[in-house]
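Please read the following alongside the sequence and the model.

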Amino acid sequence: MNIVNSPAWQALATHAEAIRPQHLRELFAADGERFAHFSLRQDGLLLDFSKQRINAETLALLHKLAETADLKGWQEKMLAGETINHTENRAVRHMALRADKQEPPEVRAVLERLQAFCESIHSGDWRGFAGERITDIVNIGIGGSDLGPRMAVRALAAQQQPDIKVHFIANIDGADIAPLLARLNPRTTLFIVASKTFTTLETLTNARTARAWLLASAGRESAIAQHFVALSSNLELTQQFGIPAENVFEFWDWVGGRFSLWSAIGLSLALAIGWRQFKRLLTGARAMDKHFIDAPPAENLPLTLALLTLWNTDFLGASTAAVLPYSQSLSLLPAYLQQLEMESNGKQTDRDGNPVGAATCPVIWGEAGTNGQHSFYQLFHQGGRLIPSDFIALRQADFPLPGHHASLLANCLAQSAALAFGQTADEVRSAGVPETLLPYKIFPGNQPSTTLILPALDAYTLGQLLALYEHKVFCLGVLWNLNSFDQWGVELGKQLASRLTPVLNGESDDAGFDASTRGLIAALNAE
């Protein structure tokens, strides 16, 4: 049975009609212990979802839906290594990358090689073609081979090694790589080329540019081995590029790109923060894995986040969701979660090849606080759209400066409260506002939000945070009966781009393309 036609789904639809008219003001007035009833604590984390438009019956019905979808059974399939990525005939085993003593032998072998490599860079044993220490690392990748490590390096800036600078190149636009190369020293720069197949167009284009830049200075092909390593499973193509096998770190087809930070793809992060801290990242993720597997549904953080997203999307009608980290260090988290959530669950065909029959992944977006308050929060408060939000805050600042952190937290708490409760006409009048301005000062409120508080931002808590959202994605995939681990929607544009490139280069004609595309080609090629 399609989940949308199940009694559990229909019961939620009926319940939604009853609760939709209720304002968060009413829900809080009816339950003086609402925070205690709708918050969870786990391993230093606090998840407050009391500002969601739910009551105890809502949660009970949502948990019944999770039972109907057989969430526990799908957990067991994933853990057993079954091919739950059925369209690509692959297992989904990213948790095995951080399983510590239970990790597969091949994972342990790569981790040991990564550790040795990191230590050789940090100790200065690894030298460039002119005999100098490596001071700059450039990660060349795209998508999951870029967003994860890029976000994590930014997030853990307070823990970074003082003698290594890590940079990232992803866009095929020359404006991404050219300014960076202009300020780097080829004698002290190491490139990490991250591509599982070693065929990714953007990555290989940038890697060839970096290769030519290095050789222009070094003057000999043998220098490639001193300044390039690869994260790939294609030893033939990496060898053709000039990267020897001992400089290639493998990862596997059971690791999806957006779930790959924990693998060799995390090398740039390990170089930025040191191997001990990278292991702490894995430990934090492993702790969240254990919680996700063992915790009962009512206490399970990833499941709770997933159920709230489904409720807001399919029963309250939200088409978007905001991620609002009140931490500048987490400023890239919304972009990371855009890929994690929308590439995983932005689908309308279920596991059986049928239409899902309901809205799936909302549009994910956001900005670090307090910057976002001066751009899109106006629409949150008075724009008339339902926009659920995840606020993320740190109890302790990672860069503690007097007078900063308390103000940052005050803004975070103020915004979640203002979005929830708004401001009525009577409250505006009591403040002495003239009647002519009254309509402009009313805030409807009733915008649902969740607040996640981390004790601090370090490698362990970042591991917890990212694994939390990974498991949320898995839960939503089960609830919507989706395969969260393929991404066929990425392919069509790539195929068309490969056909258009020779046309734009004047190597073939534009026959077979639509009138709009032909007109644009002509305009771009006009002298």
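**Spaces and a sheet**

The lining of the largest cavity is made up of ten nonpolar, seven polar and three charged residues; here Ala, Val, Leu, Ile, Met, Phe, Trp, Tyr, Cys and Pro count as nonpolar, Asp, Glu, Lys and Arg as charged, and the others, Gly among them, as polar. The model is a predicted one, in which local features need pLDDT of at least 70, side-chain atom pairs count only at pLDDT 80 or more, and totals for chains, interfaces and linings use all residues. Residues are numbered from 1 along each chain as its sequence is written, and side-chain values use heavy atoms, with hydrogens and water left out.

The largest cavity holds about 180 Å³ of space. Of its 20 lining residues, Thr 309, Ala 321, Pro 388, Asp 390 and Lys 472 are the closest to its centre. On a 1 Å grid over the protein atoms alone, a cavity is a set of points where a 1.4 Å probe fits but cannot get out, a pocket is an open set with protein on both sides within 12 Å along at least five of seven lines, and lining residues have an atom within 4 Å of a point. Grid points are joined across faces, edges and corners, and a volume is the space filled by probe spheres set on the points. Helix 14 gives the most to this lining, with five residues. Helices (H or I, at least four residues) and strands (E, at least two) are DSSP runs, numbered from the N terminus.

The largest pocket has a volume of about 1,100 Å³. Among its 41 lining residues, the closest to the centre are Thr 200, Gln 487, Val 490, Glu 491 and Lys 494. Helix 21 gives the most to the lining of this pocket, with six residues. Helix 21 is followed by Gly 506, whose phi is positive, near 75°.

Six strands form an open sheet in the order 1-2-11-10-8-9, with mixed pairing; two strands pair if DSSP finds at least two bridges between them. Strand 1 (39-42) and strand 9 (363-366) are at the edges with a single partner strand each, so one side of each has no neighbour in the sheet. Strand 1 pairs with strand 2 (residues 45-48) in the antiparallel sense over four bridges, and Ser 39 has Asp 48 in strand 2 as its bridge partner. Helix 14 packs on the sheet and touches strand 1, strand 2, strand 10 and strand 11 (449-454), where contact means heavy atoms within 4.5 Å.

Technical notes:
Axes fitted to C-alpha atoms, helices over the stretch in contact; angles between N-to-C directions.
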